[in-house]
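Start with the view below.

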Amino acid sequence: MEARVSQSLQLSSWIKSDKVVRKPGGCLRFSVKWNEKLMHRTVISCHLQPRKANRRVALKVSCSSHNVQVLESECITASTDEIETLKNKSEEVEEYLDGRCIYLVGMMGSGKTTVGRILAETLGYSFFDCDRLIEQAVGGTTVAEIFKLHGESFFRDNETEVLHKLSAMHRLVVSTGGGAVVRPINWRHMHKGISVWLDVPLDALAKRITAEGTKSRPLLHEESGDIYDKTLKRLTTLMETRGANYANASARVSLENIAVKKGKDVCHITPTEITLEVLIQIENLKKQESVVVL
């Protein structure tokens, strides 16, 4: 398995084939699961092709009560008003996005995957998780196992290749690994789209990760002692190393700021509220660029 995974990388996700748009630069092969009435697995190749117009996809919900609905992407409960707000805000930023990919960056456990799926569903984009793509390319091996068997450099090399391939596409929301921000070349790929940093207080992250367990977190296995204390210590060290890198993102979503606006504890902020703030920060980018032009 010492051969580079990227040499035979296949990207798998729940994705609509009419959303896949390939920029010039070669052929990208990946698996597609989609049928209008019946989900099934199909393998296609994306070749060089002119960009196609993409119709927006309505946010999918299933009713569960009078005023509450459930987002299908993650079975996230959200009020009808929240869903309508998300939809309206997504329409406001659609022209500005112009099909550009959105890359979510942030520490492990910051909610990039959950928020990414909701964001993709809201915008009518497709969603990819970089860690899952690498795991699939290695034959289902977990990230923790990849670190153990092949080392972090092996993982990072293939993470860079995944970002390179995804950056050649349109209309994607991409959840990146916590350490993807360290390599400058990864930023060159992500700056082809819009990057958003999900900034979560370290104590809240430590509580979340401790509750979920650290087995799937390869960088949290070394220290011994109380699981919360060692997790917080390790996260603090990682943030000292990566903080300036995260700040390279196009926009920052601060959960502390959301908590202040909502008048609630950071740990009680919902994925839907975070997703709305992502859209708000993207809208702010649009406003800032308009001011610069003027």
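## Burial and overall make-up

A residue counts as buried when its relative accessible area is under 20%, as exposed when that area is over 50%, and as partly exposed in between. The model discussed here is predicted.

By that cut-off, 51% of the 294 residues of the protein are buried. The secondary structure comprises ten helices and eleven strands. Among contacts with a separation of 6 or more, 69% join residues 24 or more positions apart. The protein exposes about 14,500 Å², and 51% of that area comes from carbon and sulfur atoms.

Most residues other than glycine have a negative phi. Arg171 is not a glycine, yet its phi is positive, at about 55 degrees. Arg171 sits in the loop between helix 5 and strand 9 (172–175). Is Arg171 buried or exposed? Its relative accessible area is 7%, which is under 20%, so Arg171 is buried.

Asp98 also has a positive phi without being a glycine, here about 50 degrees. Its place is the loop between helix 1 and strand 7. Asp98 has a relative accessible area of 46% and is therefore partly exposed.

## Helix 1 against helix 2

Helix 1 (residues 80–97) packs on helix 2 (residues 112–123). The angle is about 75 degrees, and the axes are 9 Å apart. The two helices are therefore roughly perpendicular to each other. Helix 1 contributes Leu86, Lys87, Ser90, Val93 and Leu97 to the contact, while helix 2 contributes Ile118, Thr122 and Leu123. By type, these residues are five nonpolar, two polar and one charged.

## Helix 4 against helix 5

The axes of helix 4 (residues 143–150) and helix 5 cross at roughly 125 degrees and come within 7 Å. Helix 4 and helix 5 are therefore oblique to each other. On the helix 4 side, the contact uses Val143, Ile146, Phe147 and His150. On the helix 5 side, Glu152, Phe154, Phe155 and Arg156 meet them. The contact residues divide into five nonpolar, one polar and two charged.

Which residues of helix 4 are buried? They are Val143, Ala144, Ile146, Phe147 and His150. Their cover includes helix 3 (130–137) and helix 5. Just after helix 4 comes Gly151, with a positive phi of about 95 degrees.

Helix 8 (residues 227–246) has a kink of about 45 degrees, centred on Glu240. Its buried residues are Lys230, Thr231, Arg234, Leu235, Leu238, Met239, Arg242, Gly243, Asn245 and Tyr246. An α-helix has 3.6 residues a turn, so residues three or four places apart point the same way.

What do the buried residues of helix 8 pack against? Two strands take part: strand 7 (102–105) and strand 10 (194–199). The helical partners are helix 5 (152–166), helix 6 (184–190) and helix 7 (202–212).

## Lys207 in helix 7

Lys207 belongs to helix 7. Its relative accessible area is 47%, so Lys207 is partly exposed. Leaving out residues up to four places away in sequence, Lys207 touches Tyr228 and Cys267. Gly109 is 98 residues from Lys207 in sequence, but their C-alpha atoms are 9.8 Å apart in space.

Notes. Residues numbered from 1 in each chain as written. Predicted model: local features only at pLDDT ≥ 70, side-chain atom pairs only at ≥ 80, totals over all residues. Heavy atoms only, no water. Bend = angle between axes of the 7 residues up to and from the residue. Helix = DSSP H or I, 4+ residues; strand = E, 2+ residues; numbered from the N terminus. Buried < 20%, exposed > 50% of the residue type's maximum accessible area, 1.4 Å probe, protein only. Contact = heavy atoms within 4.5 Å. Axes fitted to C-alpha atoms, helices over the stretch in contact; angles between N-to-C directions. Parallel < 35°, antiparallel > 145°, perpendicular 65-115°, else oblique. Nonpolar A, V, L, I, M, F, W, Y, C, P; charged D, E, K, R; others polar. Areas by Shrake-Rupley, 256 points an atom, 1.4 Å probe, with all protein chains shown as cover.
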